[in-house]
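The sequence and coordinates are shown below for reference.

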Amino acid sequence: MKRGDTLISSSSQRYSQKNAIFVSSYQLYSVVSDFVFMASNSAHNLPHELGKMVTVLSINGGGIRGIIPSTILAFLESKLQDLDGEEARIADYFDVIAGTSIGGLVATMLSAPGNNNCPLFAAKDITEFYLDNCPKIFPQNGTGYISSIKGLFGAIRGGPKYNGKYLHRKVEELLSDTRIDQTLTDVVIPTFDIKLLKLIIFSASEARKDASMNALLSDICISTSAALTYLPAHYFETKDSQG
């Protein structure tokens, strides 16, 4: 592969040279070129009515593998900026951004309000966020035979592999007291209530109608990331319109 075809910078290679991810610009272009044309000619926040086009971005999870969608989104945003100017952001082109687990955090970073009512993160900055923070979110306690034995005993003992403290602190630091109804476009993030044994889906549009669903974005992101074999469950409360 030619150097010019490598989308991820050398900084990604320092995280895992053995498993470095390379995505050619040609491959990404084939995925997003149709959308770039469509998005540049459509209005943002079209009414959700029958017959109207609604654009939806769905982002999967997968821990450190979240670097893959974040890289594709960075490429997409750069192409939209080529068309509409450097201030263009992913949230300007999607009516709904959905994500689960780490994908929920990416969705939030793309849509939570930052300075000057712009998204908290440009898409190109999310990959760097992963590279800087994932080694601390998912710390490795060595490699080889001894590490495998420790992992086996941990699985037998039960409980999550990671304590989640760094992730919780980082997410709360980033999002502070921002609530889901403040996102710049509609956001949909699923969580699971282990007490009621039911799926709870948080969305900005629902939160604007129902105060009990207007949770802190930090609580939602931590909860959707709580895959119990890897990260601990997260407890939080919301209040309805009666307090």
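Which residues form a nonpolar patch on the surface?

## Basis of the model

This is a predicted model, in which local features need pLDDT of at least 70 and side-chain atom pairs count only at pLDDT 80 or more, whereas totals for chains, interfaces and linings use all residues. Residues are numbered from 1 along each chain as its sequence is written, and side-chain values use heavy atoms, with hydrogens and water left out.

## The nonpolar surface patch

The patch consists of Phe192, Ile194, Leu197, Leu199, Ile201 and Leu228, which together have about 630 Å² of accessible area. Such patches are made of residues with over 30% relative accessible area and no salt bridge, where like charges are joined within 9 Å and nonpolar side chains (Val, Leu, Ile, Met, Phe, Trp, Tyr) within 5 Å; a salt bridge is a side-chain nitrogen of Lys or Arg within 4 Å of a carboxyl oxygen of Asp or Glu. Accessible areas come from the Shrake-Rupley method with a 1.4 Å probe, and for residues only the protein chains shown count as cover.

## Thr229 and its contacts

Thr229 lies in the segment after helix H9 (217-224) and is exposed, with a relative accessible area of 56%. Leaving aside residues up to four places away in sequence, Thr229 touches Gly159, Pro160 and Lys161, a contact meaning heavy atoms within 4.5 Å. The C-alpha atoms of Thr229 and Tyr162 are separated by 8.4 Å, although these residues are 67 apart along the chain.

## Covered helix and aromatic pairs

Helix H4 (residues 102-111) is mostly covered, with ten of its ten residues buried.

A search of the whole structure finds two aromatic pairs, where rings of Phe, Tyr and Trp (its six-membered ring) pair if their centres lie within 6.5 Å, and planes under 30 degrees apart count as stacked, over 60 as edge-to-face and the rest as tilted. Phe121 and Phe129 form an edge-to-face pair, 5.8 Å centre to centre with 80 degrees between the planes, and both Phe121 and Phe129 are buried. Phe202 and Phe236 form a tilted pair, at 6.1 Å centre to centre and 40 degrees between the planes. This pair links distant parts of the chain, with Phe202 in strand E4 and Phe236 in the segment after H9, 34 residues apart. Phe202 is buried at 5% relative accessible area, while Phe236 is partly exposed at 22%.

Definitions and conventions
Buried means under 20% relative accessible area, exposed over 50%, partly exposed in between (1.4 Å probe, protein chains only). Helices (H or I, at least four residues) and strands (E, at least two) are DSSP runs, numbered from the N terminus.
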